[in-house]
Amino acid sequence: MIVITAPTGNIGRRLMPLLLDAAPDRGEELRVIVRDPARLPDTVRERVEVVPGSHGDPAVVDRAFDGADAVFWLVPPDSSRTPDDAYRGFTRPAADALAAHGVGHVVGVSALGRGTPVAGRAGLVTASLAMDDLIAGTGVAYRALANPSFFENLLEDTDAIRDEGCFTDTAAADRKAPFVAVADIAAVAAGLLLDRSWTGNASVPVLGPCDLSPNDLARIMTERLSRPVRYERQSLEELHAALLGHGLDPAFAQGVVDMKRAKDDGLDAGVPRTPDTTTPTTFEHWVDQILEPALRP
C-alpha cells in the first residue's frame with residue numbers, strides 16, 4: 001500500500017499516472033489523501049482508495065497510514081503561517097502517525113542545501129530541512145528529494161512574459177544554478193516508491209539536465225517562443241515589499257527572501273552534478289510542452 005499526499009498538485013498529478021501504470025504488476029495498492037476528491041480525474045479516482053481531508057489533520061493521516069507500507073509526502077506551502085509551522089508544524093501529525101502505524105518507507109519533497117554554510121539561514125529551505133529531520137526521526141527509511149528551483153516557477157510570470165516579454169527574479173543575471181521540471185521529480189519519486197529496497201535516511205538530489213542562468217532562460221525562451229523575452233532583476237527589498245503586499249505572513253515573506261539570499265550565497269551549489277543526480281527534461285522541451293501552451297490566449 002502506497003499513500004500519496006497532494007495528488008492533484010504539480011508533482012502529484014504527474015506522479016499518479018506513473019504509479020497507476022506500474023502498481024498492478026507489482027501488487028501495489030494506492031491510497032490518496034485529497035481535500036477535494038472531485039478534483040481527481042475519473043481515471044484516477046476509480047483506481048485508488050480516497051481518504052478525504054487535509055494531510056495536516058491528525059485524524060486524516062491516522063486513517064490514511066493504517067496498513068501503509070510507503071508514503072509520498074509533500075507539504076503544500078501555506079503563506080499564512082511561519083515557515084517552521086508551515087513545514088514542521090504541518091508534518092508533526094503525520095510523523096506521529098508514521099511511527100504509530102509502523103510505515104516502512106517515506107519519500108518526501110524537500111530542497112537542496114543540507115550541509116552548506118547557509119543551510120541554517122535559508123528561510124523556507126531551512127524549514128524544509130527541519131521537516132526532513134522530523135520525518136527521519138520517526139524510524140522510517142526516508143529519502144528527501146533535494147530539489148533546486150522548478151521550471152514551473154516561471155508559470156507565475158505567464159502574463160508578464162506574454163504581455164511585456166519579461167520575467168523577474170532576484171538572482172544575478174549571469175549566475176548559473178540547477179533547475180528541474182516537476183515531471184522529473186515525479187519520476188524519481190515513483191522509482192523510489194515502487195522499489196523499496198533502500199534503507200536508512202538520505203537526500204536524493206534532483207538537479208535537472210544542466211545549470212542555467214536567468215540570461216540562459218531568457219535566451220532559450222526567446223528562441224523557442226519566437227518572441228523576445230528578457231530578464232529583469234528584482235532586489236530582495238522589492239521582493240519583500242511585494243510579498244507583504246500580497247498578504248503573506250510577514251515571517252513567511254521573510255522566509256522567501258532569506259531563501260533567495262541563500263541561493264545567491266551558494267545554497268544550491270553543495271551537490272556535485274553526476275549522472276545519478278542529473279535528470280532528463282531540458283528547458284527547451286519544457287518551454288515547448290508547458291510554457292508555450294500556457295501563453296496562448
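This is a predicted model: local features need pLDDT of at least 70, side-chain atom pairs count only at pLDDT 80 or more; totals for chains, interfaces and linings use all residues.

Colleague: Where is the place of Glu28?
Modeller: Glu28 sits in the loop between helix 1 and strand 2 (30-34).

Colleague: Is Glu28 buried or exposed?
Modeller: Buried. Its relative accessible area is 14%, and the cut-off for buried is under 20%.

Colleague: Which side chain does the side chain of Glu28 make a polar contact with?
Modeller: That of Arg196, at 2.9 Å.

Colleague: And Leu194? How many residues apart along the chain are Glu28 and Leu194?
Modeller: They are 166 residues apart along the chain. Their C-alpha atoms are separated by 8.2 Å.

Colleague: New topic: helices. At what angle do helix 1 and helix 7 pack?
Modeller: About 25 degrees. Helix 1 covers residues 12-26, and helix 7 covers residues 182-194. Their axes are 9 Å apart. The angle is under 35 degrees, so helix 1 is roughly parallel to helix 7.

Colleague: Is the crossing left-handed or right-handed?
Modeller: Helix 1 passes helix 7 in a right-handed crossing.

Colleague: Which residues make the contact?
Modeller: From helix 1, Arg14, Leu15, Leu18, Leu19, Ala22 and Arg26. From helix 7, Val182, Ala183, Ala186, Ala187, Ala189, Ala190, Leu193 and Leu194.

Note on methods: Residues are numbered from 1 along each chain as its sequence is written. Side-chain values use heavy atoms; hydrogens and water are left out. Axes are lines fitted to C-alpha atoms, for helices over the stretch in contact, and angles run from 0 to 180 degrees between N-to-C directions. Helices (H or I, at least four residues) and strands (E, at least two) are DSSP runs, numbered from the N terminus. Angles under 35 degrees count as roughly parallel, over 145 as roughly antiparallel, 65 to 115 as roughly perpendicular and the rest as oblique. A crossing is left-handed if the near helix is turned anticlockwise from the far one by less than a right angle, and right-handed if clockwise. Contact means heavy atoms within 4.5 Å. Buried means under 20% relative accessible area, exposed over 50%, partly exposed in between (1.4 Å probe, protein chains only). A polar contact is a pair of N or O atoms within 3.5 Å; within protein, one must be able to donate a hydrogen and the other to accept it, and residues adjacent in sequence count only if both atoms are side-chain atoms.
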